[in-house]
Structure formats: structure tokens, C-alpha cells
Amino acid sequence: MRFMVIVKATQDSEAGKMPEQSLLEAMGKYNEELVKAGVLLAGEGLHPSSKGARVRFNGSTRTVIDGPFAETKELVAGFWLFQVKSLEEAIEWVKRCPNPMLGESEIEIRRVFDPEDFGAALTPELQAQEESLRKQVAKN
């Protein structure tokens, strides 16, 4: 099972306040543990929403909204992608994580869909297309 582990933004991360060296060292050690255990597929920190944009969809209309965005508690500051056997295992790994922010923070864990989750809607042709795209991405 794959899980997206989402580090929620804080006022400090949205203000662009960078982590101290001690936190970078602790996160480096944690990431090494994830890699050694074969859990980590990807992981990155994100710039504040002031450096981003959103695209709102309404039928065929697209509207671009420049950051920053108001609701800090709804924003993402970083992520990991874990490969583990269960939600419980993902939770255990996250509990071992150093606090990613200077003060109070929150990490959300969400399961990533697997092809079989889509049932009959994912036809053999669509599944072959998906597999082909994954192979192309892996080469990059």
C-alpha cells in the first residue's frame, strides 16, 4: 500500500521561515531510516503558497488564482510517499518523525489509489495505458 504523508503548513512555513540546522539534521536521519527500511518512495518540502497558484475548474472555464492562500491549516508544506503494508504501519513511521515545524504541527496520512481500486471502470486498455505511463515516468 502507498500512503501520501502530508505535512500541514503553519504560519511560519507560509511566511517562508526556513528550518534550523538541527531540524534539517533530524529530518535527514529520519529520511535515512525510511530509505533503509524500504518505506520511502519520495519526499519533498514545498515553498509557501505565496509562490504558487491554483487553477479553478468550472466546466470548460479555467481561472488562475495566485497565492498566497488564506487558510493556513488547509495548506501543504511538504510530503512523503510511503510504501508500507498498512495504515497502522504508516502511522507508526509518522509517529517517529521529528516535529516538522517549530511549534505545534500536524501530519495527515492518506492512502493512494491502486489500479484495482477503480474496478471495472479501469478497462484493460486504460490499465495498459497507465502501466505504460508509469514505465515512462520511471525512466525519467
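## Buried and exposed

A residue counts as buried when its relative accessible area is under 20%. In this predicted model, Trp80 has a relative accessible area of 6%, so Trp80 is buried. Tyr30 is buried too, with a value of 3%.

## The Tyr30–Trp80 pair

A search of the whole structure turns up 3 aromatic pairs. One of them joins Tyr30 and Trp80. A ring pair is described by the distance of the centres and the angle of the planes. For Tyr30 and Trp80, the centres lie 5.6 Å apart. Their planes meet at 80 degrees, so the pair is edge-to-face.

This pair links distant parts of the chain. Tyr30 belongs to helix H2, residues 21-36. Trp80 belongs to strand S5, residues 76-83.

## The Phe113–Phe118 pair

Phe113 and Phe118 form another aromatic pair. Their ring centres are 5.2 Å apart, with 40 degrees between the planes. This pair is tilted.

How accessible is Phe113, buried or exposed? Phe113 has a relative accessibility of 56%, so Phe113 counts as exposed. Phe118, at 46%, is partly exposed.

## Arginines over rings

Arginine side chains also sit over aromatic rings. Arg54 lies over the face of Phe69, 3.9 Å from the ring centre. Arg96 lies over the face of Trp93, with 4.3 Å to the ring centre.

Notes: Residues numbered from 1 in each chain as written. Predicted model: local features only at pLDDT ≥ 70, side-chain atom pairs only at ≥ 80, totals over all residues. Heavy atoms only, no water. Phe/Tyr/Trp six-rings, centres within 6.5 Å; stacked < 30°, edge-to-face > 60°. Helix = DSSP H or I, 4+ residues; strand = E, 2+ residues; numbered from the N terminus. Buried < 20%, exposed > 50% of the residue type's maximum accessible area, 1.4 Å probe, protein only. Lys NZ or Arg CZ within 6 Å of the ring centre and 35° of its normal.
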